[in-house]
Amino acid sequence: YLQPLQKQLTFLSIVGFFLLVIAILLSYNLARTIIDPILKLYYTVTQVSSYPLKNDYEPLGTEDELDTLGYAFFKKTKALETLNENLNVKVKETVEELEEEKNLFSLAIEGSKDGLWNWNLQNDYCQFSKRYEIMLGYNPGELPNNINGWLDLLHPDDKIKAQEVVKKYIDSCGKEDYENTFRLKTKNGSWCWILCRGKAFFNS
């Protein structure tokens, strides 16, 4: 009675084992079919920073939405890469132009032997060129970076007029060029006549 049943069970076990192996193999192939393109897209996304990209799009191996997504991603990334390259070229050209203008400006200032000053009215910050301070006998960086430092150097007889000229110019919003003549005290205590010219930029 048991022998036929054992044969049946043995046969079913063998068949079941082979069916299980076949199911595992089919599942594995199906999984690889789905996962491989996803992994390929993932690696492509993670390697975007390693410019330059390939010139041609390499299909993911599917003909569905995933391949369409991969192509769209590649196309957009390639466009960004081109834009980035053009931007880098533009930035390099702009930096070179600014550097050239800076050198020309510095050369013009050195040749003029004039002292330059800059006064930001919003934060009361003053900046004086090396030549400006040397003209008054100071070492570069000795003068304070505020308008009070300039006022303290003004001759007492010129102080009121100098401030009135500045105020009048500011009130006119720069419709005329600023120009005034006054005396400044040098580091050794003597007085130096200064012809001062300026032009302001006004915001809203």
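Me: What counts as a salt bridge here?

Reply: A salt bridge is a side-chain nitrogen of Lys or Arg within 4 Å of a carboxyl oxygen of Asp or Glu. The general idea: side chains of opposite charge can pair when their charged atoms come close. This is a predicted model.

Me: Are Lys187 and Glu142 buried, exposed or partly exposed?

Reply: Buried means under 20% relative accessible area, exposed over 50%, and partly exposed in between. Lys187 has 44% relative accessibility, so it counts as partly exposed. Glu142, at 38%, is also partly exposed.

Me: How many salt bridges does the whole structure hold?

Reply: Five. Among them is Arg183 with Asp158, whose closest N and O atoms are 2.8 Å apart. That pair joins strand E3, which holds Arg183, to helix H5, which holds Asp158. The two residues are 25 apart in the chain. Arg183 is buried, at 19%. Asp158 is buried too, at 12%.

Me: Where does the Arg197 and Glu179 bridge lie?

Reply: Between two strands: Arg197 is in E4 and Glu179 in E3, 18 residues apart. The N to O distance is 3.3 Å. Arg197 is exposed at 55%, and Glu179 is partly exposed at 46%.

Me: Asp158 belongs to H5. How do I read the faces of a helix?

Reply: Start with the turn. An α-helix has 3.6 residues a turn, so residues three or four places apart point the same way. Now take H5, residues 156-171. Its buried residues are Asp158, Ala162, Val166 and Tyr169. They lie on the same side of H5 because they cover an arc of only 65 degrees around the axis.

Me: What does the face turned away from the buried side carry?

Reply: Exposed residues: Pro156, Ile160, Glu164, Lys167, Lys168 and Asp171.

Me: How far does H5 reach from its first C-alpha to its last?

Reply: The 16 residues of H5 reach 24 Å, close to the 22 Å expected at 1.5 Å a residue.

Me: What follows H5?

Reply: Cys173, with a positive phi near 60 degrees.

Notes: Residues numbered from 1 in each chain as written. Predicted model: local features only at pLDDT ≥ 70, side-chain atom pairs only at ≥ 80, totals over all residues. Heavy atoms only, no water. Helix = DSSP H or I, 4+ residues; strand = E, 2+ residues; numbered from the N terminus. Expected span 1.5 Å × (residues − 1). Buried < 20%, exposed > 50% of the residue type's maximum accessible area, 1.4 Å probe, protein only. Arc of directions from axis to C-beta.
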